[in-house]
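Please open the structure in your viewer and keep the sequence beside it. This tour moves from one selection to the next and says what is found at each stop.

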Amino acid sequence: MITFDIQTLIIALVIGAASGAVGAFIILRRMALVGDALSHVALPGIALALAYHFDPFWGVVAFCLAAAVVVWALEEKTRLYSDALIGLLFTFNLAIGVLTIPDTEILESLFGAFTPLTSPEFFFISIAGAAAIALIFLYAKHFLFLIVSPELASIKAPRKSRLHGLLLMVLFAFIVALGIKLVGTLLMGALTIIPATISKNISRSMSGYIVMSAVLGALISLAGVFAAGMLHFLPGPTIIILGIALFGISLFFTRKFQ
Amino acid sequence: MESDLILEVKNISVEVDHETILKNVSFEVRRGEALAIIGPNGAGKTMLFRALLGLVSHTGELDWKKGIQIGYVPQKFVIDKSFPLTVREFFLLKSPRFWMPDKGFIAHLEHELSLVGLGKEILSRPLGELSGGQMQRILISSAMLNHPDVLLFDEPTAGIDVGAEQTIYTILHTLQKERGTTVLLISHDLNVVYKYADNVLCINKAMICHGRPKEILNPQELSRLYGGGGFYHHPVEEKI
């Protein structure tokens with residue numbers, strides 16, 4: 001009989017829900033692939049940590065947060081579309097990562113292997129993940145206003161509105177960083193996209209869409225961890241394949257537009 | 001009369017990528033006034049609004065009276081049909097609470113909708129599925145929701161049919177009369193300007209004229225504004 005430790009399940013639940021919640025806004029902002037760029041920024045962070053013998057997790061968090069600020073600032077300052085910026089960051093960091101990370105570590109870095117977490121890591125991921133979810137729901141109105149009409153959201157308070165944009169990016173990067181341990185750098189971006197796309201297919205209201213995206217993220221992650229345990233697969237790819245299968249099913253229930 | 005001034009603009013200029021979009025525009029707006037802003041395409045009308053709203057940087061003086069609340073109806077508001085946002089949720093973006101709004105806000109919302117001729121059943125509809133006319137009314141209602149002192153309308157009837165256009169202006173005029181709201185309106189239609197505006201500001205990057213419609217909208221000024229040989233609407237005789 002296969003046993004699952006409670007630690008793994010809690011991490012899958014929190015990371016899944018947080019990815020689903022933040023992904024709901026990222027999809028609407030048409031920044032779905034930013035998650036991929038952010039997760040690949042983790043690779044130089046991992047390399048640096050391995051070279052200087054500190055826990056790669058903290059290297060990942062630091063690099064992802066820095067990358068969020070860079071993407072946000074470049075979007076503000078340049079006329080480049082975000083997909084061009086992402087193309088640059090994505091490949092640059094993948095190149096650095098592949099050159100600098102030892103071969104034995106690269107597979108785990110790319111696809112995630114659920115090696116046991118240290119106690120501080122476990123508590124940090126669980127509490128920080130839950131706090132990120134709370135912040136997303138608390139600031140949902142501001143993120144949404146910025147997406148629906150940046151112009152209307154910025155009237156008389158453009159600075160505040162820009163800070164809301166930065167907060168969304170930082171939360172996004174932070175959740176991506178937390179989730180890399182679960183699904184790996186190559187697939188973490190997908191965990192933020194899949195629950196939201198399924199939810200968007202079947203939702204008519206925004207509140208339903210955001211809540212359902214978070215719930216689906218949690219359910220897909222939990223189910224993926226269970227399935228991976230039973231089939232002796234890596235959890236990352238299992239979670240993503242399960243999510244894509246659910247997306248396929250959701251196509252039959254897509255709402256019709258007038 | 002000085003205390004009636006709610007907006008003072010002196011020599012305002014806007015540059016984007018070293019290109020002058022607006023140069024040395026000056027005017028004043030008094031409480032309750034309806035000011036129409038006219039000019040050809042690319043004259044900088046929308047940029048003037050963006051400067052007034054604090055969305056672009058500018059040189060020169062731009063002073064709103066302290067504490068003035070501004071409502072804005074943008075020229076373009078495009079939302080994807082598949083965007084999962086109901087009309088109710090669109091209004092909730094302006095509510096203190098998005099997740100659990102209080103009943104007072106919803107009741108107020110229903111009243112505001114009735115003023116623009118919409119029933120509460122529209123609240124549950126997805127925003128992306130509304131017609132052009134319905135969307136305009138929703139945008140006006142949203143701009144008026146918190147009873148602003150000033151409303152900025154950027155070509156509020158662009159892209160909707162003539163019947164709906166008349167209704168929009170009637171609604172605007174009623175709101176202005178009942179609430180004493182100051183209205184700044186960008187329009188291409190000189191009929192509308194004659195009919196609804198107390199004053200008119202003509203710009204074509206620089207300021208061409210400013211004054212009462214009947215005094216300044218003559219063939220000479222219009223020719224300076226739009227270039228010679230243009231076709232102008234016949235003015236409607238009386239302001240309603």
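Select Asn11(B), which is partly exposed because 14 other C-beta atoms lie within 10 Å; by this count a residue is buried with 20 or more other C-beta atoms within 10 Å of its own, exposed with 12 or fewer, and partly exposed in between, the C-beta atoms being placed from the backbone. Asn11(B) sits in strand β1 (residues 5-16) of chain B, where helices (H or I, at least four residues) and strands (E, at least two) are DSSP runs numbered from the N terminus. Its phi is near 50°, a positive value in a residue other than glycine.

Before going further, note that this is a predicted model, in which local features need pLDDT of at least 70 and side-chain atom pairs count only at pLDDT 80 or more, while totals for chains, interfaces and linings use all residues. Residues are numbered from 1 along each chain as its sequence is written, and chains are lettered from A and ligands numbered from 1 in the order in which they are written.

Now move to chain A and select Arg30(A), which has a positive phi of about 55° although it is not a glycine. Arg30(A) lies in the loop between α1 (6-28) and α2 (34-51) of chain A, and it counts as partly exposed, with 13 C-beta neighbours inside 10 Å.

Return to chain B and colour the whole chain, which has eight helices and nine strands and in which buried residues make up 36% of the 240 residues. The domain assignment, whose bounds come from an automatic or database source, gives domain 1 (1-69 + 150-240) and domain 2 (78-146). Where the two domains of chain B touch, 10 residues come from domain 1 and 10 residues from domain 2, two residues being in contact if their C-beta atoms, placed from the backbone, lie within 7 Å. On the domain 1 side, the largest share, five residues, comes from helix α5 (residues 162-179) of chain B.

Next, select strand β5 (residues 70-73) of chain B, from which Ile70(B) and Tyr72(B) point one way and Gly71(B) and Val73(B) the other way, all of them buried. β5(B) pairs with strand β6 (residues 150-154) of chain B in the parallel sense over four bridges, pairing here requiring that DSSP finds at least two bridges between the strands. Within this pair, Val73(B) stands opposite Phe153(B) in β6(B).

For the following stop, show Leu118(B) in the loop between α3 (103-115) and α4 (132-144) of chain B. Leu118(B) is partly exposed, with 18 other C-beta atoms within 10 Å, and, leaving aside its neighbours within four places in sequence, it is in contact with Leu113(B) and Arg137(B). Leu118(B) and Leu222(B) are 104 residues apart in sequence and, C-alpha to C-alpha, 38 Å apart in space.

Finally, display both chains together; their contact takes 20 residues from chain B and 22 residues from chain A. What does the largest nonpolar core contain? This core, a set of buried Ala, Val, Leu, Ile, Met, Phe, Trp, Tyr and Cys residues joined through C-beta atoms within 7 Å, has 144 residues, and those with the most contacts inside it are Leu38(A), Cys64(A), Phe172(A), Ala173(A), Ala177(A) and Ile37(B). Domain 1 and domain 2 of chain B both give residues to this core, so the core lies between them. End on Ala173(A), which, apart from its neighbours within four places in sequence, is in contact with Leu38(A), Cys64(A), Leu65(A), Ala67(A) and Ala68(A).
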